[in-house]
Amino acid sequence: QVPLVESGGGLVRPGGSLRLSCTASGIIFNVNTMNWYRQPPGKQRELVASIAGDRTTNYLDSVKGRFTISRDNYKKMVYLQMTSLKPEDTAVYYCNTNAQRLGRSQIQNFWGQGIQVTVSS
């Protein structure tokens with residue numbers, strides 16, 4: 001069972017919008033901080049946005065006012081709404097969390113498989 005699975009990426013024109021989704025399964029979800037990272041071509045992975053269990057959010061400066069992270073604890077999903085997209089937002093986006101698998105005590109670091117977002121005209 002893959003704990004984190006992303007969906008919703010694709011190709012979009014500059015100025016457009018996309019919503020990424022991350023579905024969690026088999027892990028304790030409600031209290032965890034959920035993160036979205038991205039890795040642009042040829043660059044290091046960077047933290048884009050995070051949302052804590054109490055829904056406190058943090059954003060990379062370059063996406064503030066354009067991206068919104070949210071979560072649905074009932075569905076065990078986290079979202080990244082991206083608007084006013086720019087070519088420099090092009091990257092592979094990853095969902096990430098530190099969590100316990102259900103029935104286990106060890107906290108592990110989990111990553112989704114990543115999903116491509118391309119912003120181009």
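Residues are numbered from 1 along each chain as its sequence is written, and side-chain values use heavy atoms, with hydrogens and water left out. In this predicted model, local features need pLDDT of at least 70 and side-chain atom pairs count only at pLDDT 80 or more, while totals for chains, interfaces and linings use all residues.

The protein has eleven strands and zero helices. Both kinds of element are DSSP runs, numbered from the N terminus: helices are H or I runs of at least four residues, and strands are E runs of at least two. From the N terminus on, the order is β-β-β-β-β-β-β-β-β-β-β. The radius of gyration of the protein is 14 Å, close to the 14 Å that the globule rule gives for 121 residues, so the protein is as compact as a globular protein of that length. The radius is taken over C-alpha atoms, and the rule is 2.2 Å times the number of residues to the power 0.38. Along the principal axes, the C-alpha atoms fill a box of roughly 45 × 25 × 25 Å. Of the 121 residues, 42% are buried. Buried means under 20% relative accessible area, exposed means over 50%, and partly exposed lies in between (1.4 Å probe, protein chains only).

Strand β1 covers residues 4–7. Its side chains alternate. L4 and E6 point to one face and are buried. Strands β1 and β3 pair in the antiparallel sense over four bridges. Two strands count as paired if DSSP finds at least two bridges between them. E6 has C22 in β3 as its bridge partner.

C22 also takes part in a disulfide, with C95 as its partner. The S to S distance is 2.1 Å. A disulfide is a pair of cysteine sulfur atoms within 2.5 Å. The torsion about the S-S bond is about -85°, so the disulfide is left-handed. Both cysteines, C22 and C95, are buried.

Four salt bridges are found in the whole structure. A salt bridge is a side-chain nitrogen of Lys or Arg within 4 Å of a carboxyl oxygen of Asp or Glu. R38 forms one with D89, with the closest N and O atoms 3.0 Å apart. This pair, too, links distant parts of the chain. R38 is in strand β4 (residues 34–39), and D89 is in the loop between β8 (77–82) and β9, 51 residues away. R38 counts as buried because its relative accessibility is 4%. D89, at 0%, is buried as well.

D89 also meets R66 in a salt bridge (2.8 Å, N to O). R66 lies in the loop between β6 (57–59) and β7 (67–72) and D89 in the loop between β8 and β9, so the pair ties together parts that are 23 residues apart in sequence. R66 is buried, with a relative accessible area of 10%. Salt bridges that share partners join R38, E46, R66 and D89 into one network.

Another salt bridge pairs K64 with D61, with the closest N and O atoms 3.0 Å apart. K64 is partly exposed at 49% relative accessible area. D61 is exposed at 59%.

Backbone angles were also examined. Most residues other than glycine have a negative phi. R55 is not a glycine, yet its phi is positive, about 75°. R55 sits in the loop between β5 (46–51) and β6. At 43% relative accessibility, R55 is partly exposed. S84 likewise has a positive phi, near 45°. S84 lies in the loop between β8 and β9. Its relative accessibility is 38%, so S84 counts as partly exposed.

On the surface, I28, V31 and L102 form a nonpolar patch. Together they have about 280 Å² of accessible area. Accessible areas come from the Shrake-Rupley method with a 1.4 Å probe; for residues, only the protein chains shown count as cover. Patches are made of residues with over 30% relative accessible area and no salt bridge; like charges are joined within 9 Å, and nonpolar side chains (Val, Leu, Ile, Met, Phe, Trp, Tyr) within 5 Å. L102 lies in the loop between β9 and β10 (107–111).
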